[in-house]
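Hi,

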Amino acid sequence: MQTLMRSILGGVALGALSLTSGLATMFAANVIGLTADPWLVVIGAVLFTSMVAAVSFMSMNRAMMRLRAELEDHGSTPSGQGPRWLRSVLRTMMEYQVRHRQAEAAWRTRQRELEINAKMAIGGQRQAEAVLGVMDEAVVVCNAFREITLVNAAAGAMLGCHPADAVGKPMAEVIDDSMVRRIMQETLEAGVGVDPRRCELTLHGARGESACEIVSACVPDDRGRTAAVVTVLHDLSREREISQLKSEFVSKASHELRTPLSSMQAYVELLVDGEANDEATRREFYEIIQAETERLSRLVDNMLNISRIEAGIIEIDRSEVDIRELVESAVRTMEPQARSRRIDLHTEIAPLGATVDGDADMLCQVVVNLLSNAVKYTPEGGRVTVSVDSDTLTRSVHVAVSDTGLGIAPADAEHVFEKFYRVENYKRVAKGTGLGLNLCRHIIETVHRGQIGLESTIGMGSRFWFTVPMAQTPAKLAA
Amino acid sequence: MSRRILVVDDESHILHVLSLKLRNSGFIVDTAVDGEDAMHQLASAQPDLVITDLQMPYVNGIELCRSLLSDAATADIPVIILTARGYALGSEAASLSNVRKVVNKPFSPRTILEQVRRVLGIDTDIMERAA
């Protein structure tokens with residue numbers, strides 16, 4: 001625009017110059033007396049001035065027209081036609097225009113970048129809030145003025161405060177536990193450039209006392225000063241509980257494995273030392289060693305099967321299993337053992353369909369385990385009954401093993417399905433691995449989505465039962 | 001004169017093995033199936049030594065040792081504890097003055113016999129020469 005004004009002013013100046021030169025010619029002719037008639041001089045001067053003005057006007061007009069045309073044509077560059085001064089003016093103008101367009105494009109790009117960055121920042125913040133919200137660890141952030149700036153959901157539950165209400169409040173108002181406050185305070189005073197403070201403590205929080213690991217660190221601002229203190233509290237209660245359970249399991253497993261191993265080692269040593277004087281005694285020792293080896297083998301198998309089911313890595317061979325046939329097969333297996341103890345073993349099988357979708361071997365193992373326990377813990381001359389029934393309403397098959405044995409006290413009944421739990425009264429009666437019923441529970445509840453339970457009265461015998469869902473009929477499957 | 005030993009364990013095979021080994025070595029052996037049974041037997045006949053399992057129903061090995069200590073008549077009877085726990089009993093056994101030895105299961109009957117003789121102050125060499 002500045003250049004355009006300069007070119008128009010140039011045209012105006014040329015016109016003024018031509019007028020001045022005309023008047024000067026007229027004045028000079030008049031002074032030196034070149035003509036006798038002053039009107040002729042005036043007319044001549046006027047004509048000369050008009051001609052020069054007309055030429056100037058036409059030139060300026062042409063330039064203006066070209067300038068206009070070139071300005072209207074945004075994509076063009078200044079042409080090589082026209083006066084040199086005008087080409088220069090146009091080139092300058094076009095350069096300014098190109099620079100302006102470039103600057104405008106750069107600004108728009110920058111604006112888009114800022115918009116994207118803002119969206120990303122908002123997204124990142126929401127993501128961070130979501131992560132903090134679902135974290136099991138409690139996170140508390142306070143600023144350099146000891147005011148709470150963030151409390152996640154876990155911290156709210158642990159400290160007994162609402163996260164939104166805590167923000168802006170002094171640290172001392174939100175955190176009751178003096179030890180946590182002290183650690184945050186010390187972290188703040190130590191400032192940046194110091195390793196995060198890390199220790200274990202007993203937190204006195206909203207859920208009572210709990211073992212916690214606490215990590216507290218300073219967050220620096222852009223000048224390297226402390227902007228905030230971030231504190232993370234990790235509840236160790238569950239880990240301690242798991243560790244305790246593992247330790248107990250290893251201790252019990254070790255005890256159960258060492259017991260048959262002790263017998264085996266001792267009898268072998270007696271045989272080696274010639275302590276068995278006759279063939280009958282030696283044979284007795286061999287049979288004991290064999291029985292203890294089988295016991296040890298069963299124990300290891302049960303431990304591995306439970307472990308595989310718990311880890312979800314056991315291979316399940318599913319098929320349509322007729323529970324009636326399965327129970328009859330298990331009863332045939334147990335008949336010799338029952339007969340040797342003069343126990344009446346019989347079945348009560350309902351004539352209804354009792355097909356389930358399951359692993360036949362595993363289900364058979366459950367029935368054999370329940371029958372084996374019933375036969376072992378029922379006094380000689382007793383009775384063991386296996387019943388099979390189905391419920392079309394709940395679409396499940398029920399199996400129950402009842403005995404006329406010792407019965408189980410309610411305090412023991414709560415625990416009989418736990419690993420290595422042995423009813424004290426029963427230890428004198430027969431040997432067991434302490435894992436049979438736990439394996440049964442895993443097979444029924446974890447593998448077959450069924451239920452297992454016990455009803456018992458001391459002195460009146462026990463009734464172990466389980467239910468498993470019926471198999472879907474082909475018609476239902478097709479539907 | 002033969003020494004009397006009471007062996008206490010809820011595992012019948014352990015009772016069988018130790019009885020046989022000790023009887024074959026000239027000891028008089030009584031057996032009890034748990035701590036409660038042992039305490040009944042102690043009332044009628046006092047042994048020179050008790051070998052007891054640690055983990056038993058009703059009355060465990062530690063409780064049996066405490067019971068022995070609480071009665072002046074049995075407080076001096078030495079005890080050997082058998083355990084399948086697999087780790088040291090630590091302070092539990094150390095606090096009981098009558099516990100002379102803790103043996104981990106699985107154990108060697110020969111080792112038990114050796115420990116019994118040592119606790120009772122029987123010269124192993126003399127025994128071997130006599131044999």
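Let's begin in chain B, where five strands make an open sheet in the order β2-β1-β3-β4-β5, with parallel pairing. Before going further, please keep in mind that this is a predicted model. The edges of the chain B sheet are β2 (28-32) and β5 (99-104), each of which pairs on one side only. On average, neighbouring strands in it are turned by 20 degrees against each other, direction ignored.

For a look at one pair in that sheet, take β3 (residues 49-53) and β4 (residues 79-83) of chain B, which are joined in the parallel sense over 4 bridges. There, B:V50 has B:V79 in β4(B) as its bridge partner. Helix α5(B) packs on the sheet and touches β1 (4-8), β3, β4 and β5 of chain B. The direction of α5(B) makes about 175 degrees with that of β5(B).

Helix α5(B) also turns up where the two chains meet. That contact takes 21 residues from chain B and 18 residues from chain A. On the chain B side, α1 (12-24) and α5 (109-120) each supply at least two residues. The most comes from α1(B), with 6 residues. By class, the side of chain B that touches chain A divides into 10 nonpolar, 5 polar and 6 charged residues.

Now over to chain A, starting with a pair of helices. How far apart are the axes of α8 and α9 of chain A? Helix α8 (residues 237-272) and helix α9 (residues 279-311) pack with their axes 9 Å apart, at an angle of about 160 degrees. An angle over 145 degrees counts as roughly antiparallel, and α8(A) and α9(A) are therefore roughly antiparallel to each other. Their crossing is left-handed. Among the residues that meet here are A:L257, A:L261 and A:M264 in α8(A), and A:F285, A:I289 and A:L296 in α9(A). The contact of these two helices has 15 nonpolar, 2 polar and 4 charged residues.

Next come some strands of chain A. Strand β1 (residues 138-143) pairs with strand β5 (residues 226-235) in the antiparallel sense over 6 bridges, and A:A138 stands opposite A:L233 in β5(A). Strand β1(A) is also joined by 3 bridges to β2 (residues 148-151) of chain A, again running antiparallel. In that pairing, A:V141 stands opposite A:L150. Together β1(A) and β2(A) form a hairpin with 4 residues between them, and A:R146 in the turn has a positive phi of about 65 degrees.

A:G453 stands opposite A:W465 in β12(A).

How values were computed: Residues numbered from 1 in each chain as written. Chains lettered and ligands numbered in written order. Predicted model: local features only at pLDDT ≥ 70, side-chain atom pairs only at ≥ 80, totals over all residues. Contact = placed C-beta atoms within 7 Å. Nonpolar A, V, L, I, M, F, W, Y, C, P; charged D, E, K, R; others polar. Axes fitted to C-alpha atoms, helices over the stretch in contact; angles between N-to-C directions. Parallel < 35°, antiparallel > 145°, perpendicular 65-115°, else oblique. Left-handed = near helix turned anticlockwise from the far one by under 90°. Pairing = 2+ DSSP bridges.
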